[in-house]
2 protein chains.
Amino acid sequence: MRIGELARRAGVSARALRHYEEQGLILARRAANGYREYDEADIRLVAQIRSLMAVGFTLEDARPFVACLRAGHASGNACPESVAVYQRKLAEIDAEIQALVARRTEVATQLKQACPGCAIRRTQ
Amino acid sequence: MRIGELARRAGVSARALRHYEEQGLILARRAANGYREYDEADIRLVAQIRSLMAVGFTLEDARPFVACLRAGHASGNACPESVAVYQRKLAEIDAEIQALVARRTEVATQLKQACPGCAIRRTQ
DNA sequence: GTAAACGCTCACACCAACGTCAAGGTCAAG
DNA sequence: CTTGACCTTGACGTTGGTGTGAGCGTTTAC
């Protein structure tokens, strides 16, 4: 299939697919006229990338997962490199959460000082 | 005082001070030679901006606080506009925390699936 | 007098993941 | 033969807060 069809079926833009190729994530063979040609397996690669991005991974983070799928594994998770990324990202997320919680406390303190009557409750 | 001295005393770069001026936050009068001239009060303005940035506020967010100080209030917190920003930022932070926690859960689930033996504990 | 230190105004560079034009080639339907 | 949908590469724009350098004028200390 060509880029437009893959884009539609995978739910991304053609521009995004070209970007992934630039980054070396999705390799397409070329037809005689220069058009990119993809196969069914590429849909899974894109899906893997998008699901990782949905939880805040960068394209760089996604690289081992894609490599794992291309290596023939049933899941992009099945390689030790992927597991390592998961662990690293988990630590990053935890650090971000802690930083945010600290900021929240600081802001809440300032708000209380600025407006003693203001109710401060966690937003639902 | 000139920009270099304010930069040193406030702990920011001269470039940052020029940027704040571009954004309309810190207004400097000009000496005959074109040099910016600041006074003691400007140190407080910069300090206010930096303390807000330290908890994730943008320069745009800091605007009401600076205006409040320039209006003669003892604290940049003392104006209703500032309080409103605090409340808005608090809601934003809460939303970010919730999003991060959701992502963490998702990543932890994937990690568990990828590597059942891997211990998943919150990073200290 | 001169050199160091300081100031000025542009204006590009950075990071991430694309969006969005520009300017054009390819191909099937009518 | 032309329209229109599709494809190509290239390159700038987005967001925020500066860093960095160019190229030039000013002040200050010796």
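1. Helices (H or I, at least four residues) and strands (E, at least two) are DSSP runs, numbered from the N terminus. This is a predicted model, in which local features need pLDDT of at least 70, side-chain atom pairs count only at pLDDT 80 or more, and totals for chains, interfaces and linings use all residues. Residues are numbered from 1 along each chain as its sequence is written, while chains are lettered from A and ligands numbered from 1 in the order in which they are written.

2. For residues 1–68 of chain A, UniProt lists "domain: HTH merR-type" in an unreviewed entry. That span is 62% helix and 6% strand, and its end C-alpha atoms are 23 Å apart.

3. Between the chains, 32 residues of chain A are in contact with 31 residues of chain B (C-beta atoms, placed from the backbone, within 7 Å). Of the interface residues of chain A, 97% are also interface residues in chain B, so the copies meet through the same surface.

4. DNA strand D is surrounded by 17 residues (C-beta atom, placed from the backbone, within 6 Å of the strand). The closest are A:G4, A:R36, B:S13, B:A16 and B:T58. Two or more residues each come from α1 (3–10) and α2 (14–22) of chain A and from α2 (14–22) of chain B.

How values were computed. UniProt positions are given in the numbering used here, feature names are shortened, and annotations may be inferred rather than shown by experiment. Two residues are in contact if their C-beta atoms, placed from the backbone, lie within 7 Å.
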